[in-house]
Amino acid sequence: MSTTPDDRARWDAVEEAAALLREENTAEAAPMLRAVLEKDPGNVYAHFHLGTALAHEGKHGPALAAFAEAERRAPEYLGAIVSKGWCLYELERFPEAIRAGERALQVRTEDGDALYLLGVVHAEHGDRRRAMECLERFLKTNPSVEAKHDAEALLTALKGKARPLEPV
């Protein structure tokens, strides 16, 4: 997304709520974001962050609507596209989640978040080969240590090499 003076003003309008979300304080952030949207329904950042708040609360249907609106208003908003994919995954709408992940890769070819999403969704949807391909590509994106371990563990399981845990 390109930045314009309007974008800067719109970001400024949600900055405090975004900080609250980083602290996982959705109870305060969500009403602030709704108030921003009442004044400016075109604020893409408010739609995105409201979606984030709703998803954090487990309200995946409303979160999906917020992310879809952010993407509609800014079709290249990668975060909105990937987040929409995760909501679709949570709602078990796997083919749509796959389409969202593929759309994200159209925006940024080797986006780690999109590749991880696709790896998980393909695994859940039963397409081991595509899941492994996406996860192997994901590992080449220099992910965080935690994300790397999660992806490697899923790859190990998909390859049938996981060992059962010993009883405690």
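Helices (H or I, at least four residues) and strands (E, at least two) are DSSP runs, numbered from the N terminus. The structure is a predicted model, in which local features need pLDDT of at least 70 and side-chain atom pairs count only at pLDDT 80 or more, whereas totals for chains, interfaces and linings use all residues. Residues are numbered from 1 along each chain as its sequence is written, and side-chain values use heavy atoms, with hydrogens and water left out.

Taken along the principal axes, the C-alpha atoms of the protein chain fill a box of roughly 55 × 40 × 30 Å. Of the 168 residues in the chain, 42% are buried (under 20% relative accessible area, 1.4 Å probe, protein chains only).

Helix α5 (residues 78–90) packs with helix α6 (residues 94–107) at an angle of about 165 degrees, their axes lying 8 Å apart; axes are lines fitted to C-alpha atoms, for helices over the stretch in contact, and angles run from 0 to 180 degrees between N-to-C directions. The two helices, α5 and α6, are therefore roughly antiparallel to each other (an angle over 145 degrees). In the contact (heavy atoms within 4.5 Å), α5 contributes L78, I81, V82, K84, G85, L88 and Y89, while α6 contributes F94, E96, A97, A100, R103, A104 and V107. By class, the contact of α5 with α6 comprises 10 nonpolar, 1 polar and 3 charged residues, where Ala, Val, Leu, Ile, Met, Phe, Trp, Tyr, Cys and Pro count as nonpolar, Asp, Glu, Lys and Arg as charged, and the others, Gly among them, as polar.

How values were computed
Parallel < 35°, antiparallel > 145°, perpendicular 65-115°, else oblique. Buried < 20%, exposed > 50% of the residue type's maximum accessible area, 1.4 Å probe, protein only.
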